[in-house]
Amino acid sequence: MQDFGQAFSLAFQLIVSADPMLSEIIFLSLRVSLSAVIIASVIGLGIGATVGIVRFPGRSAIIVFLNALMGLPPVVVGLLVYMSLSHAGPFGWLHLLYTPTAMIVAQTVLVTPIIASLSRQVIEDLYIEYREQFLSLGVPPKMAVAALLWDARYSLLTVALAGFGRAIAEVGAVIIVGGNIKHVTRVMTTAIALETSKGDLALALALGLILILIALSVNATVSLLRLNASNSAYA
Amino acid sequence: MRIPTSRLWCACAALSLMLGLLLSGISQAEERFIILQSTTSTRNSGLFDAILPRFRAKTGIEVRVVAVGTGQALKNARNGDGDVLLVHAKPEEEAFVTAGWGVKRFDVMYNDFVIVGPANDPVGIAGLRQAGTALRKIFQTQAAFVSRGDESGTHKKERALWEIAAVDPLETGGRWYREAGAGMGATLNTAVGMRAYTLTDRGTWLSFRNKADYTILVEGDPQLFNQYGVILVNPAKHPHMKAGLGQQFIDWLVGPEGQSLIAGYTIAGQPLFFPNAPGGE
Amino acid sequence: MPSDVETLQPERISTDPAQSLFPLKVRQLVYNVGKQRLIDGIDLTIEKDRRTIIMGPNGAGKSLLLRLLHGLLTPTEGEICWGETPRVDQARQRQALVFQRPVLLRRSVGANLCFALKLRRYTRAEREERLRHILELASLSHLADRPARVLSQGEQQRVAVARALVLEPEVLLLDEPTVSLDPVSVEAIEELILAVHRRGTKIILVTHDMAQARRLADEVVFLEQGRVVEHSLSRQFFQQPSAATAHIYGSSRVVL
């Protein structure tokens with residue numbers, strides 16, 4: 001297979017030449033996945049903190065449910081979001097289908113359970129450590145939640161990263177709700193799927209390599225932050 | 001514990017909403033566009049990239065192509081998720097219009113289907129003039145055949161050809177008949193990977209880059225004719241539709257400019273589609 | 001877990017400083033975990049001024065008793081009455097507890113102390129003033145900007161004591177605060193304890209270090225298997241321990 005060597009040189013060429021089509025696709029990928037992760041973090045941390053701290057009936061059922069949702073197949077999410085946003089569906093009037101917003105919605109649905117589930121574990125572990133101390137100090141609830149979130153910030157950053165990894169890498173959901181429309185909803189993964197289907201395996205692999213590169217640099221940045229933090233015993 | 005959960009949630013919801021609005025605002029800036037529900041074969045052929053910029057330059061209308069199988073394209077259009085359809089399964093298209101989902105169907109262009117396989121052709125179908133005979137031979141030798149299996153126009157055509165061959169590949173129950181359940185390009189990749197025969201439209205085949213040693217074995221049978229039609233989705237069913245812009249696109253596509261652009265689109269000197277709109281030429 | 005409900009109550013419990021916390025009266029206190037009776041009918045009266053040391057062999061229920069007094073645990077039976085204060089959780093607002101292993105926030109030393117200061121309605125200037133004062137008192141000024149969790153065990157425990165003190169509690173409860181610390185840190189913490197006691201803070205300290213008890217105690221409560229075996233002034237306790245106490249110490253080989 002000479003495709004491998006070709007893919008590497010092609011990836012290199014695409015990057016050095018700052019191919020405008022490529023940068024457009026990369027930018028959209030990042031915009032969609034980062035937005036989804038930010039929104040999912042807001043919702044997911046809310047759920048995670050609530051379930052992690054509050055004891056209520058049915059709590060363990062919710063934890064099992066959230067854990068199960070982590071494995072939600074992207075295609076199913078894509079289908080559900082398509083059916084909701086379709087003009088024949090309940091939210092058709094929003095005219096969001098085949099827009100980046102629809103892709104953000106789909107990835108948010110995909111990523112929220114991951115962030116909720118993982119952050120629940122992180123926050124619960126920290127809460128067990130802090131609980132008696134907070135009770136003794138008489139820390140009011142709002143301040144306690146804020147302190148837990150803040151002190152768990154580096155672990156939660158890794159949680160968000162896990163969500164980002166899932167979002168940036170998935171193709172099943174965005175291709176259904178985004179439609180892989182050139183210049184509008186084409187992202188890295190759908191472009192890779194398209195080039196594969198055109199049989200241009202070298203270009204597909206080159207795009208894949210660039211995607212890995214992006215994931216790598218995002219991960220490296222977060223690792224650096226964490227390393228810094230663990231030197232201070234904050235992580 | 002009793003956290004002020006409701007307030008927390010309100011804040012979360014407000015933040016999400018704000019972000020959502022912000023982000024959707026970016027994408028909704030441009031309003032002069034239509035959604036064209038079309039097929040993977042036309043998109044993969046590169047035709048749209050060749051002709052749509054010309055339409056946009058002339059009219060300022062952006063055509064956003066969603067490429068899926070013909071079956072899904074028809075379904076999406078029924079849901080109101082497209083303004084114009086460009087597909088290739090004439091009986092289904094006519095049924096779509098008769099049922100009131102579409103306004104009117106126009107022929108746009110045609111090309112043909114071909115049966116491709118490895119160059120050494122173990123079954124020996126090369127040069128056969130009749131697709132039905134070729135398929136029957138494949139069945140008799142139980143050679144591997146990959147089907148789209150996705151209700152696309154190509155899949156519907158393939159099923160019609162099996163009927164001509166008097167073989168029901170699903171009934172025969174062998175492992176030789178494999179349904180990929182994927183688009184044309186992915187199916188070709190699968191076939192090449194399995195050393196299997198498959199049916200493809202000529203446009204996708206010509207632009208396909210992962211041919212390996214595969215080649216066209218059967219072509220030229222009138223049964224392999226592949227007609228593309230364009231339909232405006234009925235605005236009476238879906239009032240939000242951009243019927244005006246959609247009609248403008250159809251008029252252009254079946255008109256002299258669209259038709260000559262289709263004729264002029266070639267790969268390696270070979271035309272991929274032949275325009276045949278009634279008023280085109 | 002019933003205590004979870006208490007941790008994060010929406011409203012701060014209002015306390016009336018005019019209500020005295022003393023004498024502390026414990027009546028027929030019982031605490032069970034499952035079927036095990038870990039605190040087995042304790043009766044106790046503790047007055048304000050003395051430094052009270054709770055002693056006993058491992059598993060006697062010393063730490064449990066401290067947590068019950070502080071309201072971190074809810075008694076199975078019996079009652080705890082801090083003077084005129086009707087409820088234990090109200091009394092808790094005027095106390096501070098130092099745990100055996102310090103639980104410090106993942107922040108700097110200064111930020112840990114500020115966290116506690118923010119629990120009171122101080123102005124920014126007041127906060128800074130108090131922060132500086134407590135850092136000096138605990139000789140932590142040079143460590144104010146260091147991450148709290150990279151400090152030595154001894155330094156961490158000093159931060160924990162300092163954090164307890166910024167709230168200016170009327171009662172300081174300590175649960176074996178100097179276990180496994182180096183002698184210098186032990187001395188520093190004991191000096192802090194004596195200093196706050198001189199300013200009028202009630203001290204209740206759990207330890208099984210007899211030497212420490214000798215240094216700090218005004219009175220000793222001696223527990224064994226969830227019961228009070230002896231409750232006497234330190235002079236008497238160390239010079240003429242009751243037969244039961246001596247027997248326990250003899251048999252459990254705790255260093256006297």
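Start in chain C and select its open sheet: 6 strands run in the order β5-β6-β7-β3-β8-β9, with mixed pairing. Strands here are DSSP E runs of at least two residues, helices are H or I runs of at least four, and both are numbered from the N terminus. Two strands pair if DSSP finds at least two bridges between them.

This is a predicted model, in which local features need pLDDT of at least 70, side-chain atom pairs count only at pLDDT 80 or more, and totals for chains, interfaces and linings use all residues. Residues are numbered from 1 along each chain as its sequence is written, while chains are lettered from A and ligands numbered from 1 in the order in which they are written.

**The sheet in chain C**

Next, select β8 (219-224) of chain C. It pairs with β9(C) in the antiparallel sense, over 6 bridges. Which residue of β9(C) is the bridge partner of E224(C)? Look for R227(C).

**Where chain B meets chain A**

Show chains A and B together. Here 36 residues of chain B are in contact with 35 residues of chain A. Contact means that the C-beta atoms, placed from the backbone, lie within 7 Å. On the chain B side, α1 (5-27), α2 (40-44), β2 (62-68) and α9 (184-194) each give two or more residues. Select α1(B): it gives the most, with 11 residues.

Chain A has 10 helices and 0 strands. Its C-alpha atoms fill a box of roughly 65 × 50 × 25 Å, taken along the principal axes.

**Confidence in chain B**

The average is 88, and 88% of the residues score at least 70. Then select residues 1-5 of chain B, where the pLDDT is below 50. Beyond near neighbours in sequence, this stretch has 18 contacts in the model. Where pLDDT is low, the predicted coordinates should not be read in detail.

Methods
Contact = placed C-beta atoms within 7 Å. pLDDT = per-residue confidence, 0-100.
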